[in-house]
Amino acid sequence: VDGTILWLEMAYSERNLRLACILTGVGLILLNVMYADMTLSKLQRQKTIAIENPDGQVTVSLTAIEDFIRRSAHELPEVKELRCDVVARKGRIVVRARATLWSGTHIPEAAERIQAVVKAKVQEMLSGLEEPILVRVHVSKIAQREARAGAPDRRPTPPYATPYRGF
């Protein structure tokens, strides 16, 4: 502790050492800002896909692709809900789909149909892109179909009425 206090007193009293400490601190701060900027720009670059068109470059947001896949999953009767994450990696597009299926569906067939539909929709949407599309399906839930509002209640009714039931 005494050595640290002695060094700080010397750095405070000598002008050249004080200037060196200030410049070192400013340099470290600039390096951190540059590193953060590079990291954030790399993340931002990975959130879009660029497609070359004859008229110029077109960028497509990965969240737009995710929303499109979510909406197109309604055409599959065995799928209740489909959430997905789209990631653009080196030379390929990876779609991770989390599906909620209705009970009574054959899971391998449903997963295969989900993969086929998602891959076809993404390829159709990004027709100018030659990158392979990898679709991974994870069945996260199996849901029961709810009774419809117009369907009669199937609970047995008692043969007698309970007195003072509403009180």
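**Close-up views of a predicted model**

**View 1. Arginine 70 and aspartate 67 form a salt bridge through their side chains, at 2.8 Å from N to O.** A salt bridge is a side-chain nitrogen of Lys or Arg within 4 Å of a carboxyl oxygen of Asp or Glu. This is a predicted model, in which local features need pLDDT of at least 70 and side-chain atom pairs count only at pLDDT 80 or more, while totals for chains, interfaces and linings use all residues. Residues are numbered from 1 along each chain as its sequence is written, and side-chain values use heavy atoms, with hydrogens and water left out. Arginine 70 and aspartate 67 lie three residues apart in helix H3, about one helical turn; helices (H or I, at least four residues) and strands (E, at least two) are DSSP runs, numbered from the N terminus.

**View 2. Glutamate 75 and lysine 121 meet in a salt bridge (3.6 Å, N to O).** This pair joins distant parts of the chain, with glutamate 75 in the loop between H3 and E3 and lysine 121 in helix H4, 46 residues apart.

**View 3. Ala110, Ala111, Ile114, Val117, Val118 and Val122 are buried in H4.** These residues line one face of the helix, because they fall within an arc of 135° seen down its axis, the arc being that of the directions from the helix axis to the C-beta atoms. Buried means under 20% relative accessible area, exposed over 50%, and partly exposed in between (1.4 Å probe, protein chains only). On the other side of H4, Pro108, Glu109, Glu112 and Glu124 are exposed.
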